[in-house]
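Dear colleague,

I am passing on a structure that you have not worked with before, together with some notes on what was found in it. Please look through the sequence and the model first, and then read on.

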Amino acid sequence: MKILKNAVAGTLESSDLFIQIEPDDKELTLEIDSVVANQHLDSIRGAVVDILNEFEISTGKIYIKDKGALDCVIRARMETALKRGGVLES
């Protein structure tokens, strides 16, 4: 599946994150900027990849600005952004 349109979810408040997604027909790109990257980058990336796999997303650009969000918040924001961006089977 692929992302159909640009969408955002979340905020830049403490303990939250901001996600921006964009369509891309060629590849899947994931950029994560986090205030807790040294300690938790792998778990943040894992949560995002789990949701991408759940939605079967194979292409698109995903930008994440994390301010220390919990795993459940990451998953909820990611799911919201994908639903707002729509998905289409490849």
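Helices (H or I, at least four residues) and strands (E, at least two) are DSSP runs, numbered from the N terminus, and two strands are said to pair if DSSP finds at least two bridges between them. The model is a predicted one, in which local features need pLDDT of at least 70 and side-chain atom pairs count only at pLDDT 80 or more, while totals for chains, interfaces and linings use all residues. Residues are numbered from 1 along each chain as its sequence is written, and side-chain values use heavy atoms, with hydrogens and water left out.

To begin with the overall layout, the protein has two helices and six strands, and from the N terminus on its elements follow the order β-β-β-β-α-β-α-β. The radius of gyration (taken over C-alpha atoms) is 12 Å, close to the 12 Å that the globule rule gives for 90 residues, so the protein is as compact as a globular protein of that length; the rule is 2.2 Å times the number of residues to the power 0.38. Along its principal axes, the C-alpha trace spans about 35 × 20 × 20 Å. Buried residues, meaning those under 20% relative accessible area with a 1.4 Å probe and protein chains only, account for 32% of the 90 residues.

Four strands form an open sheet in the order E2-E3-E5-E4, with mixed pairing. Strand E2 (7-10) and E4 stand at the edges with a single partner strand each, so one side of each has no neighbour in the sheet. On average, neighbouring strands of this sheet are turned by 10° against each other, direction ignored, where axes are lines fitted to C-alpha atoms, for helices over the stretch in contact, and angles in general run from 0 to 180 degrees between N-to-C directions.

Going through the pairs, E2 and strand E3 (residues 17-22) are antiparallel and share four bridges, with Ala 7 opposite Ile 21 and Val 8 opposite Gln 20. Six residues lie between the strands of this hairpin, and Ser 15 takes a positive phi near 65° there. E3 and E5 also pair in the antiparallel sense, over six bridges, and Leu 17 has Asp 66 in E5 as its bridge partner. Strand E4 (residues 28-34) and strand E5 (residues 60-66), by contrast, run parallel and are joined by seven bridges, Leu 28 having Gly 60 as its partner.

As for the helices, which one connects the parallel strands E4 and E5 in a β-α-β unit? Helix H1 (residues 37-54) makes a left-handed unit with E4 and E5; a crossover would be right-handed if, with the strands pointing away from the viewer, the path from the first strand over the helix to the second ran clockwise.

Key
Buried < 20%, exposed > 50% of the residue type's maximum accessible area, 1.4 Å probe, protein only.
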